[in-house]
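Here is a short report on a protein–DNA model.

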4 protein chains.
Amino acid sequence: MARKRVGNKRERIISAAAKFFGERGYHNTTTAKIAEAAGVAAGTIYIYFRSKEELLVAVFEEFLGVHMDRLREGIAREPDPEAKMRRLISLGLELMEENPHSARIFLSQLRQSTEMIKMVTKRSSRAYKDIIEEVLEEGMRCGVCRKLNVRAAASMLFGAFQSTVLDWVADDSSYPLASQAEELTEFILIGLGCRSEEASRQQAV
Amino acid sequence: MARKRVGNKRERIISAAAKFFGERGYHNTTTAKIAEAAGVAAGTIYIYFRSKEELLVAVFEEFLGVHMDRLREGIAREPDPEAKMRRLISLGLELMEENPHSARIFLSQLRQSTEMIKMVTKRSSRAYKDIIEEVLEEGMRCGVCRKLNVRAAASMLFGAFQSTVLDWVADDSSYPLASQAEELTEFILIGLGCRSEEASRQQAV
Amino acid sequence: MARKRVGNKRERIISAAAKFFGERGYHNTTTAKIAEAAGVAAGTIYIYFRSKEELLVAVFEEFLGVHMDRLREGIAREPDPEAKMRRLISLGLELMEENPHSARIFLSQLRQSTEMIKMVTKRSSRAYKDIIEEVLEEGMRCGVCRKLNVRAAASMLFGAFQSTVLDWVADDSSYPLASQAEELTEFILIGLGCRSEEASRQQAV
Amino acid sequence: MARKRVGNKRERIISAAAKFFGERGYHNTTTAKIAEAAGVAAGTIYIYFRSKEELLVAVFEEFLGVHMDRLREGIAREPDPEAKMRRLISLGLELMEENPHSARIFLSQLRQSTEMIKMVTKRSSRAYKDIIEEVLEEGMRCGVCRKLNVRAAASMLFGAFQSTVLDWVADDSSYPLASQAEELTEFILIGLGCRSEEASRQQAV
DNA sequence: AATGAATGAGTCTTCATTCAT
DNA sequence: AATGAATGAAGACTCATTCAT
């Protein structure tokens, strides 16, 4: 019970921080506001986190950890690279949709300032791109996808993905993000040469 | 002459601001540092700009204005949508390369905080995407490019483009950004269905 | 047994506090650190002491009590004022040497701030000076020592004594404090007119 | 005029700081209070001093500089070591009397905490003791004063001096400090063997 | 008696902005 | 137009103290 309360508090702080960081950005969020929203005293934050910056990192890692686990799980079940890529996209969008505040931080708030933060950001994009690269390589090995620079391609795919999510966030999540999955998948699969434009056109029909 | 000096100072402030905002982010840059780097007194900034935030917007618009003009000029000379898209990509990368500090701000620093900034950001992405959408629509009309949701596609293309530039910025501009043009063009054109993967493969040979 | 444990804890807290107060000063020592060093929980300190300040006073009185008792005992055994003064000096230095942390607090840390502390400090210096004054008065009555303002003289003696100890503390107790006893005694006894400089020179031989 | 104002402000801050540091101690003085007493805004302190600690050091050095200069000047005019020692004592007390707040800091407040402060403290006591040592050495060379360990003796003299001043400060400067000069001089000169107790007794008559 | 998580008042310090010169 | 000293509001963080367990 006591244990639970503790966990509860940490979670509440992270959750409040995610909300504010996502909404107004790191620098426009005061620790006082986070504490208030989390229903704890100002000093309590510093029991769980060494600094505001560390809290940001925690928010981030919390999100990233779950995110990556679920993505890897999700694609593991898929039989072939194309299916994996489809799953990656749709699951990725789903995860973002579940947690729009963290999504926003993940996609943009971290591109700021300090070295600590930069490192974390890099690591996170890397995590995402790593998965993409794995799928791309498998696709190339199987001949399902055209020959391409895996590194660069992964970055582009990730960029297209990000942009789609950011549009949605910028629109205050006013439409289901999943509705973009088909278009995005199409664009990416064709771009990867997984399917000719004819095939895709037919399937669409 | 006096006029020129004035212009000179304004420019110097904008330039210094662009440098610092791009390097350390908006919130980690003090107006004092900008003034120092621009070789003006602290108060002088407030003769040219109402606030720090307005300076950020100015930095941004300066960059965006030139950027858009040159992009529009560049594609105007191209004969067909595919060539325009190619030009858009290569010229876009060139412009970013010319001005890495502003590029950084353009791509990431602005995704922060206040309403004022958000509006500017939105407008800027919009400006970029507008051009892309125009080209896409023309492409669809001509049948050069497959049928697609222009809005969504433009966003994805822009995302792929952004991601490529950000990778380059994150790598401290250690390689020529132009070297990424071919790969990016390939990915986008194929994704748009402008060319089959065979055609592209042949051309590469 | 339970009683003993309690006493044990109180002692451990006082001892830890003395160490830290002496080393880093009252204000640079947190109750948390004291608790940790004493091997008790943060709240436990407040079972034994009403406040941090009261703990300081306790540390101080603990030290002072033992100190004064032993000084009084020590000089009681001596036959004449000169011998008493000698004993006072050598025993005083010994006691300081035994307990350098408390010595440091006694000599300098207490010259700070609040009324409560000031009172305690005054009382402690007073206790020390009282003993000195008693010896001086006896010396004057016996004609062993020249006529002087007892109050002022006691203060000066105490100052010379303090300074000697502080030098030693400042040198990280790198030499035996007792080594200073002879020089200090000489200076004081001559200053008191207990002995001509010739007499003292002879005795030294 | 402008220059004067600036100097004025720095001085006012130092003066206010000296007052509070001396009265309540460094840690019990807030920068806000200093600013208020100095008639400046809170932030203004940080234009002149990098930190509160640096302000303390400045207060201290200001005092020490003038102090030492005047002491050296004062003894330079005296013909022989004994006269110099007398002058040192009376002038020292005078200087302390002129500036009781700084005196208090000089004598006790600095024996706290941080390395920065410790260094300054050491340096200051050293400055004082250096002068004393010089005079003592000259005295020994001339045969005016008995052979003794100069280092240790200087420390004791300084201690006796300090103690006299602190008593006065502790008594809220309720009597002229100069009234202690004779007693202190007597004690020290006799202690140094400059004069027999008979001689001193006669002179007193 | 003991714990240690939680509190929240208190502080130093920063920095955008102003304004007298 | 330009300066830069001065402002003072704001914010991260600390820590003595409390209290439910």
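How do the residues of the surface near DNA strand F divide into nonpolar, polar and charged? The model is predicted: local features need pLDDT of at least 70, side-chain atom pairs count only at pLDDT 80 or more, and totals for chains, interfaces and linings use all residues. Residues are numbered from 1 along each chain as written, chains are lettered from A and ligands numbered from 1 in written order, and side-chain values use heavy atoms, without hydrogens and water.

The surface has eleven nonpolar, 14 polar and four charged residues. Nonpolar covers Ala, Val, Leu, Ile, Met, Phe, Trp, Tyr, Cys and Pro; Asp, Glu, Lys and Arg are charged; the others, Gly among them, are polar. Near means a heavy atom within 4 Å.

There are 29 residues around DNA strand F, and Tyr46(A), Thr44(B), Tyr48(B), Thr44(D) and Tyr48(D) come nearest.

| Residue | Distance |
|---|---|
| Tyr46(A) | 2.7 Å |
| Tyr48(B) | 2.5 Å |
| Lys9(D) | 3.3 Å |

Helix H3 (45-48) of chain B and helix H3 (45-48) of chain D are the elements that give two or more residues to this surface. Helices are DSSP runs (H or I, at least four residues) and strands are E runs of at least two, numbered from the N terminus.

Chain A has ten helices and zero strands.

Methods: Polar contact = N/O pair within 3.5 Å; in protein donor to acceptor, adjacent residues only side chain to side chain.
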